[in-house]
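Visitor: Could you take me through one part of this model up close? I'd like to see what surrounds it, too.

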Amino acid sequence: MDTDMAVGVPAEQKTDPADVAAQLLRGIENGLPEILADETTRNIKQSLSTTPNPA
């Protein structure tokens, strides 16, 4: 059983682990309560806080 959730994502679309680590360290140094490491994650987070249009 493959446990890699991003197994279907092409390597060129994945965020470089070194970049994620650098962002995490900066976030910790700056006391940030949350670090969103890539644009896709930031977009998803932003969409969760928007009010949906009534149907």
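Guide: Let's start with Gln 23, which is found in helix H1, residues 17-29 (helices are DSSP runs of H or I, at least four residues, and are numbered from the N terminus). Before going on: this is a predicted model, where local features need pLDDT of at least 70 and side-chain atom pairs count only at pLDDT 80 or more, while totals for chains, interfaces and linings use all residues. Residues are numbered from 1 along each chain as its sequence is written, and side-chain values use heavy atoms, leaving out hydrogens and water.

Gln 23 has a relative accessible area of 15%, so it counts as buried (under 20%; exposed is over 50%, partly exposed in between, with a 1.4 Å probe and protein chains only). Leaving aside residues up to four places away in sequence, Gln 23 touches Ile 35, Leu 36, Ala 37 and Arg 42 (contact means heavy atoms within 4.5 Å).

Now follow Arg 42. Arg 42 is partly exposed, at 33%, and forms a salt bridge with Glu 39, with the closest N and O atoms 3.5 Å apart (a salt bridge is a side-chain nitrogen of Lys or Arg within 4 Å of a carboxyl oxygen of Asp or Glu). Both residues lie in helix H2, 3 residues apart, or about one turn of the helix. Glu 39 is partly exposed as well, at 48%.

A search of the whole structure finds 2 salt bridges. Glu 34 and Lys 45 also pair up this way, at 3.4 Å from N to O. That pair links distant parts of the chain, with Glu 34 in the loop between H1 and H2 and Lys 45 in helix H2.

Conventions:
Helix = DSSP H or I, 4+ residues; strand = E, 2+ residues; numbered from the N terminus.
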